[in-house]
Amino acid sequence: MELGIESTDRRRKRNIQVVFMVFMGLLLFFTLFSNTIQSLTLPKVRTEKPTKGNLLFTIEGSGILQPLAEVKLSNTSGLKVEQILVKEGERVKKGQKLIIYESKTAEQELKDEITNLEKQKIDQQNRQDQYIQSALEEDEFKIRNARRDIEKGKLDILAQENKISGLRNRLTTEKQLFSPFDGLISKLNAVEGLASMGEPDVIVSNSSRGYRLDIIMDSVHLSNLEISAGEKIEVEVYMNHGQEARTLNGSIEEISNSESRTDSPSSNETGKTQTIPQKNLRIKVVDPELKGGEQARIKIEKHSLQEGLLLSNEAIHEDREGLFIYKVDEQRGALGNVFVAQKVRIHSSEKNEKETMIQSDILYEEDSIILESNEPLEDGNRVRLQ
């Protein structure tokens, strides 16, 4: 009888233990399951670790080679073009004749003025004869009038001679165009049979002075790279209508201020528009085969002088108080570690197109920095790692 009671008690205890273990198992299962379900609803983030080093700055730009020195020549008298003696792209020597203009009208005008001068001289002789006649008659009134007429005639003759001299000079200088130096015909607008239409008849570039390439750069980039006037630089030039690429040695001739540009922030930032100062980088290239108008490009690469922690620009955010990032803070919990987004204020010293060098006393190379999240983040949000 007693043995049966003990056996029943043992079975009851064992059943209670089984039920308790099943209950605890179910409790643990549902707890873990609910945590798993909850974790799946957390923002999913992609992270990276900072790296220590220097920023690599790359400056690239392209443009058209233009002559450093050129002169625009035109005929201002409105004469028609009679003959064009050069072609566009042709090299010319100093003093070489470029264009001949039709001068029949100007030559006829000169002849007419010479005839007028001869008439004035004859009239002057008549005045002198009148003076002699008045002197013989001893008429003081007529003598004074004759003297005044003679002086006036001298002035008229002098003015006419100056006018003829000016016509001769104009005819000599405007009948033909000459090259002022050894150079290249970079533009030819003149048309035979027509007068100038407002544009220069011919543009001559001084090829011996070289060509310029103007590139607009951000001032901060030039400062970070310590680029200055006089520095040597390689220029890639596409010659023969772009069929041949040559690398030529150039030099930075001038760095001047240029119009600032505006940079609009991305939609998830504060909306402030930045004004970025810019500089014009003028590069001089000299080569006897250049004609001007060639496409050219440069590429400069230098490392920053400072060293610091580098982060992708994707990780940098800005609000009213300044720049900040989100760092992943791993916290221990009863059911496992959890990850929390921690907002960290930073200071940026330099940046390039891809990375930003940051300064912060609470960031280290082993920290995980959030690059992007599938949901908007706030300080203290739990997150799940991608």
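**Strands, cores and buried residues**

Modeller: Two bridges link strand 7 and strand 10 (residues 183-188), and the two run antiparallel. Strands here are DSSP E runs of at least two residues and helices are H or I runs of at least four, numbered from the N terminus; two strands pair if DSSP finds at least two bridges between them. This is a predicted model, in which local features need pLDDT of at least 70 and side-chain atom pairs count only at pLDDT 80 or more, while totals for chains, interfaces and linings use all residues. Residues are numbered from 1 along each chain as its sequence is written, and side-chain values use heavy atoms, with hydrogens and water left out.

Biologist: Which residue in strand 10 does arginine 91 stand opposite?

Modeller: Strand 7 (91-92) is an edge strand, pairing on one side only. Its partner, strand 10, runs antiparallel to it. The residue opposite arginine 91 is leucine 184.

Biologist: What is the order of the open sheet of four strands?

Modeller: The pairing in this sheet is antiparallel. Its edge strands are strand 5 (70-73) and strand 7. The order is 5-11-10-7.

Biologist: In strand 24, which residue is the bridge partner of valine 45?

Modeller: Strand 1 (residues 44-48) and strand 24 (residues 382-385) run parallel and are joined by two bridges. Strand 20 (residues 338-345) also pairs with strand 24 over two bridges, in the antiparallel sense, with phenylalanine 339 bridged to valine 383. For valine 45, the partner is leucine 385.

Biologist: Which residues have the most contacts inside the largest nonpolar core?

Modeller: A nonpolar core is a set of buried Ala, Val, Leu, Ile, Met, Phe, Trp, Tyr and Cys residues joined through side-chain atoms within 4.5 Å. Buried means under 20% relative accessible area, exposed over 50% and partly exposed in between, with a 1.4 Å probe and protein chains only. The largest core has 27 residues, and the elements giving two or more residues to it include strand 13 (232-239), strand 15 (274-285) and strand 16 (295-303). Those with the most contacts inside this core are Val235, Ile283 and Ile298.

Biologist: Is asparagine 206 buried or exposed?

Modeller: Asparagine 206 lies in the loop between strand 11 (202-205) and strand 12. Not counting residues up to four places away in sequence, asparagine 206 touches Ala69, Glu70, Phe181, Asp182 and Gly183, where contact means heavy atoms within 4.5 Å. Its relative accessible area is 12%, so asparagine 206 is buried.
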